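Visitor: Could you walk me through this one? I'd like to start with a side chain and work towards the pockets.
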Amino acid sequence: IRCNETVTGSVKIRRGLVYNKVSRFSIYLLLFASLILQLTVIDYIKIFNAKPDLMLLLVIFFGLFFGSSVGLETGFAAGLLKDILSVDMFGINTLTLAITGLTVGMLSPKFFKESKITQTAIVFAFALFFMLTHYIFNSFISKITYISLSEYLFELIIPASLYTSFI
């Protein structure tokens, strides 16, 4: 089935022979709901002081299954929401999540997305990518790092990436 119509306020996605439409409102609603969960419930299910990043998970999902433009838009919106409520430098989350969504979307045709093992590996790899990119941008912009890269990698990045990938 081929469909060439677009609806105002929706994102036209091509998957195989079928065009799926996802409204921007539903994407933003999912991001807002994940932000509320992230701020309230997720703090209670920490494992080894690591917690999953639901907004990053949504950015990876939309980039992987709906392409680079949706991944970029979702990453930008998720990063903006995180930056508004963060004590971090404003713009770091927006930039890194947008880059992550764009990169996932650009590389998505190269992945076999139907395998659960592949999905877990992709989420783990891009969670590592996001957190390392965040650390590097934060180090360059603020010029002050309170923790070394190796400490950050082994104490926060790898546990949080594993936790996020298994959700």
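Predicted model: local features only at pLDDT ≥ 70, side-chain atom pairs only at ≥ 80, totals over all residues.

Visitor: What does arginine 24 form a salt bridge with?
Guide: Its partner is glutamate 73, and the closest N and O atoms are 2.8 Å apart. The pair joins distant parts of the chain: arginine 24 sits in helix α1 and glutamate 73 in helix α3 (residues 68-84), 49 residues apart.

Visitor: And glutamate 73, what is its relative accessible area?
Guide: The value is 22%, so glutamate 73 is partly exposed.

Visitor: How many salt bridges are there in the whole structure?
Guide: The search finds 2.

Visitor: Where do aspartate 53 and lysine 82 lie in the chain?
Guide: Aspartate 53 is in the loop between α1 and α2, and lysine 82 is in helix α3. They are 29 residues apart, so to speak of this pair is again to speak of a link between distant parts of the chain.

Visitor: Buried or exposed, those two?
Guide: Aspartate 53 and lysine 82 are both buried.

Visitor: How does the lining of the largest pocket divide by class?
Guide: It has 18 nonpolar, 11 polar and 6 charged residues.

Visitor: What about the second largest pocket, how much space is there?
Guide: About 210 Å³. It is lined by 13 residues, of which Leu57, Gln119, Thr120, Val123 and Ile167 are the closest to its centre. Two or more lining residues come from each of α2, α5 and α6.

Visitor: Which element gives the most to that lining?
Guide: α2 does, with 6 residues. By class, the lining of the second largest pocket has 8 nonpolar residues, 4 polar and 1 charged.

Visitor: Staying with α2, how many of its residues are buried?
Guide: 12 of its 13 residues are buried, so α2 is largely enclosed by the rest of the structure. Among them are Leu57, Val59, Phe62 and Phe66.

Visitor: What span should α2 have, and how far apart are its ends?
Guide: At 1.5 Å a residue, its 13 residues should span 18 Å. The end C-alpha atoms are 18 Å apart, which agrees.

Visitor: Back to Asn93 for a moment. Which helix is asparagine 93 in?
Guide: Asparagine 93 lies in helix α4 (residues 92-107). It counts as buried because its relative accessibility is 6%, and the cut-off for buried is under 20%.

Visitor: What does asparagine 93 touch?
Guide: Leaving out residues up to four places away in sequence, asparagine 93 touches Gly79, Lys82, Asp83, Ser86, Ala98, Phe130 and His134. Of these, Lys82 and His134 are also listed with Asn93 as closest to the centre of the largest pocket.

Visitor: How far is glycine 75 from asparagine 93?
Guide: They are 8.8 Å apart, C-alpha to C-alpha, and 18 residues apart in sequence. Glycine 75 is in helix α3 and is buried, with a relative accessible area of 0%.

Visitor: And the contacts of glycine 75, which residues does it touch?
Guide: Setting aside residues up to four places away in sequence, glycine 75 touches Val59, Thr94, Leu97 and Ala98. Ala98 is also touched by asparagine 93, and Val59 is one of the buried residues of α2.

Visitor: Last one: where is proline 159?
Guide: Proline 159 is in helix α6. At 21% relative accessibility, proline 159 counts as partly exposed.

Visitor: What does proline 159 touch?
Guide: Ala50, Leu153 and Phe154, not counting residues up to four places away in sequence. The C-alpha atoms of proline 159 and alanine 50 are separated by 5.9 Å, although the two are 109 residues apart along the chain.

How values were computed:
Residues numbered from 1 in each chain as written. Heavy atoms only, no water. 1 Å grid on protein atoms, 1.4 Å probe; cavity = no way out; pocket = protein on both sides within 12 Å on 5 of 7 lines; lining within 4 Å. Nonpolar A, V, L, I, M, F, W, Y, C, P; charged D, E, K, R; others polar. Points joined across faces, edges and corners; volume = space filled by probe spheres on them. Helix = DSSP H or I, 4+ residues; strand = E, 2+ residues; numbered from the N terminus. Salt bridge = Lys/Arg side-chain N within 4 Å of Asp/Glu carboxyl O. Buried < 20%, exposed > 50% of the residue type's maximum accessible area, 1.4 Å probe, protein only. Contact = heavy atoms within 4.5 Å. Expected span 1.5 Å × (residues − 1).
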